[in-house]
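Reader: I am new to this structure and would like to understand how its descriptions are reached. Could you set each value beside the rule behind it?

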Amino acid sequence: MSSIAIAPPETRGRLMAGLSGIGAAFSDTADVAGRNLRTLLRTPQALVFATIQPVIFVLLFRYAFGGAIRVPGTDYVNFLMPGIFAQTVAFGAIGTAVGLSVDVRTGILVRFRTLPMARIAVLGGRTLADLARNLLVVVVMTGVGFAAGFRTPNGAAGLLGALGLVVFFGYAVSWGFAALGLRVSDPEAAQAAAVPVVFLLVFTSAAFVPATAMPGWLQAFGTHQPVNALVSAERALVLGGPASHDVFICLAWSAGMLLVFAILAARTYGRMGR
Amino acid sequence: MSGHAIEADGLRKAFGAVTALDGLSLTVGAGSVLGLLGPNGSGKTTTVSILSTSLRPDGGRATVRGLDVVTDAARVRQVIGFAGQFAAVDPNLTGRENLTLIGRLSRVGRRQSRVRAAELLDGFGLTAAADRLVRTYSGGMRRRLDVAAALLHRPPVLFLDEPTTGLDPESRFTLWDSVRDLARSGTTVLLTTQYLEEADALADQIVIISAGRVADTGTAAELKARFGTVVFYLGFDGLAGAQTAETVLAAAGYRTARDSAGIRVRSATGSGELTGILRSLEGRAPDPLTVAVREPTLDDVFLSLTGGTGKGALA
């Protein structure tokens with residue numbers, strides 16, 4: 001056991017200490033994100049769940065329900081896919097909440113709080129990993145969409161712009177669900193708390209059906225919430241037509257949520273040791 | 001910096017209406033092992049959490065190597081290692097990956113993290129399992145990995161919260177050896193435990209806490225000596241007899257504690273007192289089935305200090 005012997009206490013390497021705090025924070029964030037991505041790849045059921053579910057939705061809505069849904073001006077599948085992308089990142093955010101609540105429960109966050117690491121890295125690393133996961137899943141869903149007949153009337157640039165909005169939106173939302181996950185140390189409870197929020201926002205939006213088919217009171221809510229703003233902006237970019245207003249609204253929602261949720265999550269994390 | 005590696009002065013902490021720490025003070029000499037002993041809920045974990053900077057005290061002050069754990073937490077974290085009550089390792093990483101991650105987050109540097117990880121895996125007998133996912137590890141292996149993870153940056157001060165709870169005897173002894181090795185090489189260790197024999201085996205100094213306060217402190221030998229010279233243990237045939245006997249002895253002025261059908265009688269004067277005890281029982285209670293005379297154990301001390309007031313407490 002001699003190899004675990006401790007050298008006489010000495011001041012730690014000046015070189016590392018000299019690293020700027022920001023550089024170290026980025027490095028810590030990357031390390032935590034790497035750990036979370038590894039964990040994700042090694043619990044493939046989580047990744048499969050995050051992918052299979054939207055695939056099923058594509059198949060269901062494209063082939064089972066789609067025939068009964070009429071949308072103006074385009075094939076239903078072109079209308080559907082922006083909704084699917086939004087659904088994908090919204091459902092993915094549930095994983096952010098569950099993942100952090102697991103870290104609370106296992107005590108890993110307590111250990112992290114005793115390490116000389118940058119405190120922001122715990123949340124930054126988690127949300128960065130989930131951003132990477134969202135990118136992957138959105139790319140997969142694009143492929144699934146193409147296989148199901150999705151075409152982009154407005155060309156590749158419109159599609160890429162829409163996917164950019166989706167990923168940014170997903171990143172903003174994941175901070176909110178990170179705050180939720182920190183408050184709930186039980187993964188099942190985190191899931192139970194997150195799912196209704198996501199369902200409410202996704203299914204009252206125009207993700208799958210035009211909002212005009214909804215009763216007025218529901219439409220009033222459904223068309224004034226962030227998921228709908230995302231879907232509208234995506235559709236404007238994918239299908240063509242005037243997009244700047246919808247894109248602005250979507251970016252405003254995303255930036256606003258990112259700001260509020262990041263502060264909320266950071267405060268929640270900071271208070272955990274109080 | 002004084003000769004103390006850890007100093008806590010009047011620590012207070014409440015969780016809602018529950019008082020966890022009620023003015024706890026202790027000191028740990030540099031390079032020594034302190035055993036923090038107490039029943040469940042006595043404040044052991046709260047103490048360790050505050051000293052290892054993961055929890056803020058409501059009141060009082062604590063320093064590690066002269067650094068304040070609240071105002072200088074960032075620097076405290078550079079000199080401490082912490083292994084909590086639950087093996088806080090990632091089950092979906094390998095043992096080696098867990099250690100290199102903690103190493104990098106401890107700012108050891110990428111290359112040095114790998115070197116240290118290999119050293120520690122070897123030191124804790126985990127080399128063969130190093131590249132297996134931790135979810136395939138046994139409880140003992142996880143615990144060893146958890147303690148190893150606290151040592152990546154060679155911290156001069158180490159906190160271990162119930163490091164052997166739930167371990168089989170062999171794993172426990174392996175961990176004891178590791179703690180002894182660390183202490184021998186100059187590491188200051190504060191460990192909490194519910195096991196008296198563990199404190200007896202490892203700690204230079206023992207602090208017994210109860211209800212968030214220090215109940216007594218000293219070396220194992222001091223605590224036992226202060227407690228008395230001998231303990232008589234009288235075994236009875238059933239609960240009723242033991243209860244009767246306890247009542248009789250208590251009325252006669254003896255300091256007793258009962259566990260099920262056995263009674264412990266604390267004596268300050270020595271084994272000569274046994275005659276008197278047996279005489280008091282004569283005709284008033286059933287004869288004991290067994291009588292033993294032994295030196296006090298930490299168990300006795302612990303029960304007398306934490307066993308509550310009145311009945312059941314040897315005090």
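Reader: How many helices and strands are there in chain B?

Author: Chain B has eleven helices and 14 strands, where helices (H or I, at least four residues) and strands (E, at least two) are DSSP runs, numbered from the N terminus. This is a predicted model, in which local features need pLDDT of at least 70 and side-chain atom pairs count only at pLDDT 80 or more, while totals for chains, interfaces and linings use all residues. Residues are numbered from 1 along each chain as its sequence is written, and chains are lettered from A and ligands numbered from 1 in the order in which they are written.

Reader: What makes β6 and β10 of chain B edge strands of their sheet?

Author: Two strands pair if DSSP finds at least two bridges between them, and by that rule six strands of chain B form an open sheet in the order β6-β7-β8-β3-β9-β10, with mixed pairing. In chain B, β6 (80–83) and β10 (213–218) each have a single partner strand, so one side of each is left without a neighbour in the sheet.

Reader: How do you know that β3 and β8 of chain B pair, and in which sense?

Author: Strand β3 (residues 33–37) and strand β8 (residues 188–193) of chain B share five bridges in the parallel sense, and the rule asks for at least two. Within this pair, Leu36(B) is placed opposite Thr192(B) of β8(B).

Reader: How is the crossing of α9 and α10 of chain B described?

Author: Two packed helices are described by the angle between their axes and the distance between the axes. For α9 (residues 239–251) and α10 (residues 273–281) of chain B, the axes come within 9 Å and cross at roughly 115°; axes are lines fitted to C-alpha atoms, for helices over the stretch in contact, and angles run from 0 to 180 degrees between N-to-C directions.

Reader: Which residues make the contact between α9(B) and α10(B)?

Author: On α9(B) they are Ala245(B), Val248(B) and Leu249(B), and on α10(B) they are Ile277(B), Ser280(B) and Leu281(B), contact meaning that C-beta atoms, placed from the backbone, lie within 7 Å. These residues divide into five nonpolar, one polar and no charged, since Ala, Val, Leu, Ile, Met, Phe, Trp, Tyr, Cys and Pro count as nonpolar, Asp, Glu, Lys and Arg as charged, and the others, Gly among them, as polar.

Definitions and conventions. Contact = placed C-beta atoms within 7 Å.
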